Amino acid sequence: ATKVGVLADLVRGAHRCVAYAGAGLSTAAGIGDYATRAEASVAPGGRVDTKEWTRVPPTKAHRVLAAMHRAGLLHRLVQQNHDGLPQRAGMPQAAINEIHGSWYDPANPTVGFGEPLREDLFAEMLAEELRCDLCLALGTSLCDTPSTADRVAVVPALRAMGALPPWPGERIGGLVIVSLQRTRLDDA
């Protein structure tokens with residue numbers, strides 16, 4: 001089977017699929033990678049001026065996530081980005097946890113690396129971590145400590161490997177990493 005076929009089978013077989021998105025998901029739109037600030041991580045068209053970010057269209061990846069949600073295949077997006085691209089792609093706000101804040105929601109101010117996360121969003125993410133049996137880690141280096149947002153990706157991986165108690169029933173699940181760079185979980 002192809003990798004895409006295996007991924008499709010995992011997504012279709014999941015009881016609750018969650019996507020965990022990092023800066024790499026938005027670099028194709030020209031929005032820079034906040035963690036590494038690498039010039040090579042930006043789309044071939046170049047980096048978009050920060051004043052233009054509110055006008056940047058969503059990428060194909062954002063549109064696919066919105067379509068997966070509409071089809072009932074993606075239940076939640078835990079988004080590290082602040083850019084609003086999932087919403088512009090048609091994903092409803094109620095399906096998105098903007099764990100590191102939002103440029104578009106005054107009630108959800110952005111937080112820097114290592115700063116405390118909003119308690120209600122963190123609690124919601126912890127609940128999602130317990131419910132999801134498949135996490136798609138998209139464009140994230142997974143460099144946060146396990147006590148922060150990366151938990152939503154780490155826990156399904158540990159369950160699939162047998163390091164944590166399994167889900168009820170015969171769920172396969174686990175973690176699928178889609179990223180241009182290596183992560184600390186690639187060999188797990």
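1. Where is glycine 139 found? This residue lies in the loop between strand 4 (134-138) and helix 5 (151-160). Helices (H or I, at least four residues) and strands (E, at least two) are DSSP runs, numbered from the N terminus.

2. The model is a predicted one: local features need pLDDT of at least 70, side-chain atom pairs count only at pLDDT 80 or more, and totals for chains, interfaces and linings use all residues. Residues are numbered from 1 along each chain as its sequence is written, and side-chain values use heavy atoms, with hydrogens and water left out.

3. Is glycine 139 buried or exposed? Glycine 139 is buried, its relative accessible area being 17%. Buried here means under 20% relative accessible area, exposed over 50%, and partly exposed in between (1.4 Å probe, protein chains only). Beyond its neighbours within four places in sequence, glycine 139 is in contact with Gly22, Ala23, Gly24, Leu25, Val178 and Ser179; contact means heavy atoms within 4.5 Å. The C-alpha atoms of glycine 139 and glycine 24 are separated by 3.8 Å, although the two residues are 115 apart along the chain.

4. Helix 5 deserves attention next. Seven of its 10 residues are buried, so helix 5 is largely enclosed by the rest of the structure. The buried residues are Val152, Ala153, Val154, Val155, Pro156, Ala157 and Arg159. They pack against strand 1 (17-21), strand 2 (76-79), helix 4 (119-131), strand 4 and strand 5 (174-178). After helix 5 comes glycine 162, with a positive phi near 85°.

5. Which way do the residues of strand 2 point? Arg76 and Val78 point one way, Leu77 and Gln79 the other, and all are buried.

6. Strand 2 pairs in the parallel sense with strand 1 over four bridges, and with strand 3 in the parallel sense over three bridges. Two strands count as paired if DSSP finds at least two bridges between them. Valine 78 of strand 2 stands opposite tyrosine 20 and also opposite asparagine 97 in strand 3.

7. A further loop residue is asparagine 108, between strand 3 (96-98) and helix 4. Asparagine 108 is buried, with a relative accessible area of 4%. Not counting residues up to four places away in sequence, asparagine 108 touches Glu98, Gly101, Ser102, Arg118 and Leu121.
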